[in-house]
Amino acid sequence: MTLPELLQLSGSYWSTCTLHAGVKLDVFTPLADRPLTVSQLARLIAADERGLDMLLNALTAMDLLSKEEGTFRATPFSAEYLSTTSDTYMGHIIMHHHHLVEGWSRLDEAVKNGAPVRRRSSHEASAAERESFLLGMFNLASLLAPKVAAQIELNGRRRMLDLAGGPGTYAIHFCKRNPDLTAVIFDLPTTRPFAEQTVDRFGLSGRIAFSAGDITTDDIGTGYDVVWVSHLLHSEGPAACAAIVAKAAAALNDGGLLLIQEFILDDTRAAPLHPALFSLNMLVGTPAGKSYAQGELQEMMKAAGLRDTRRLEIDLPNGAGIMAGTR
């Protein structure tokens, strides 16, 4: 790393906060529809003209808007991903990232005290934060779930449990890919409205049900051919993770398949970058969560009585991977 690169890294939050402000104020939706002057947009979103002019110019410098003859317009990219009228809107995950910023600014406190400095997005957040979290997870999973479902063979398997499945994105795409498959989404009661609306939107209410509960304390049922556990374990400490893996394995029929998706560290725990940073995100926001190394996950699965434990050869972004094991 060079000194200019170090200083750019230190100040990179300026760009992040500029993007977050643009999404929070929803400047992209009206600008995806038509070009507007600063005054016109300021009236639409009830913003100060001086501040909005600075924001729009900065977003233009970031290639998220275009400017011509005193008017601003969304670029094709920002119209696709940052306008609320787009089917591929990514604003929910961006707002989830925005809600994390305050906690990350206190990372030094979390490191010093070994304790979280913000509320858990999944359990304790406000209604607005929880909506951004759940719909943000839907944003991300919608990009990956079709690819994942296409590369995992589930022929002959009839019943899936999507454990802590949130809006049910993976259950939806596994069911779309496998016409004989039915699924149950297990998650907290507050997740039910988001999950049922999402499932209904895909026309799968007859094949995908919702079961409310807390994975750490409640029964999750039995008789499943597949249990899918996506980005759950990182929110818990090692003992709780081992208990979740054991409970998931016990829910399987003989010959059933457990699939665990996580941001996976290598066994040095110092790479890849995203899982290493994500571990800090869990420090800031959970009492005991962290990213796990591949060897740690494999040992949990073996301890739960699973055989043929392995990492699937599926290329996923940000250091994510999928572990598999058979009961």
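Trainee: Which helix holds Glu129?
Mentor: This is a predicted model. Glu129 sits within the run of residues 127-151. That run is helix H9.

Trainee: How far apart in space are Glu129 and His98, C-alpha to C-alpha?
Mentor: In sequence, 31 residues separate Glu129 and His98. In space, their C-alpha atoms are apart by 9.5 Å.

Trainee: What separates the centres of domain 1 and domain 2?
Mentor: The domain assignment gives domain 1 as 12-84 and domain 2 as 136-326. Their centres are taken over C-alpha atoms. The separation is 37 Å.

Trainee: Is Leu9 buried or exposed?
Mentor: Leu9 lies in helix H1, residues 3-10. Along with Met1, Leu3, Leu6 and Leu7, Leu9 makes a nonpolar surface patch of about 580 Å². The cut-off for exposed is over 50% relative accessible area. Leu9 has 52% relative accessibility, so Leu9 counts as exposed.

Trainee: Why do the buried residues of H4 line one face of the helix?
Mentor: Helix H4 spans residues 38-45, and its buried residues are Val38, Leu41 and Ala42. Look down the axis of H4: they line one face because they fall within an arc of 105°.

Trainee: Which exposed residues does H4 carry on the face turned away from its buried side?
Mentor: Cover for the buried residues of H4 includes helix H3 (28-33), helix H5 (49-61) and strand S2 (71-74). The face turned away from that buried side carries exposed residues. They are Arg43 and Leu44.

Trainee: Which residue with a positive phi follows H4?
Mentor: Its phi is near 55°. The residue is Ala46.

Trainee: Where is Asp26, a residue with positive phi that is not a glycine?
Mentor: Phi of Asp26 is about 55°. With 26% relative accessibility, Asp26 counts as partly exposed. Its place is the loop between helix H2 (13-24) and H3.

Trainee: What is the relative accessibility of Ala164?
Mentor: Ala164 is in the loop between strand S3 (159-163) and helix H10 (169-177). Its phi is positive, near 55°. Ala164 counts as partly exposed because its relative accessibility is 24%.

Trainee: What is omega for the cis peptide bond that joins Ala271 and Pro272?
Mentor: Pro272 is in the loop between strand S7 (252-265) and helix H13 (273-285). The bond from Ala271 to Pro272 is cis. Omega is about -5°.

Trainee: How many salt bridges does a search of the whole structure find?
Mentor: Arg34 and Asp33 form one of them, with the closest N and O atoms 3.0 Å apart. Arg310 and Asp308 form another, at 3.2 Å from N to O. Salt bridges with shared partners also join Arg269, Lys290 and Glu296 into one network. The search finds seven.

Trainee: How many residues apart are Arg327 and Asp254?
Mentor: Their side chains meet in a salt bridge, 3.6 Å from N to O. The pair links distant parts of the chain. Arg327 is in the segment after strand S10 (320-326), and Asp254 is in strand S7.

Key: Residues numbered from 1 in each chain as written. Predicted model: local features only at pLDDT ≥ 70, side-chain atom pairs only at ≥ 80, totals over all residues. Heavy atoms only, no water. Helix = DSSP H or I, 4+ residues; strand = E, 2+ residues; numbered from the N terminus. Domains from an automatic or database assignment. Patch = residues over 30% accessible without salt bridge, like charges linked within 9 Å, V, L, I, M, F, W, Y side chains within 5 Å. Areas by Shrake-Rupley, 256 points an atom, 1.4 Å probe, with all protein chains shown as cover. Salt bridge = Lys/Arg side-chain N within 4 Å of Asp/Glu carboxyl O. Buried < 20%, exposed > 50% of the residue type's maximum accessible area, 1.4 Å probe, protein only. Arc of directions from axis to C-beta. Contact = heavy atoms within 4.5 Å.
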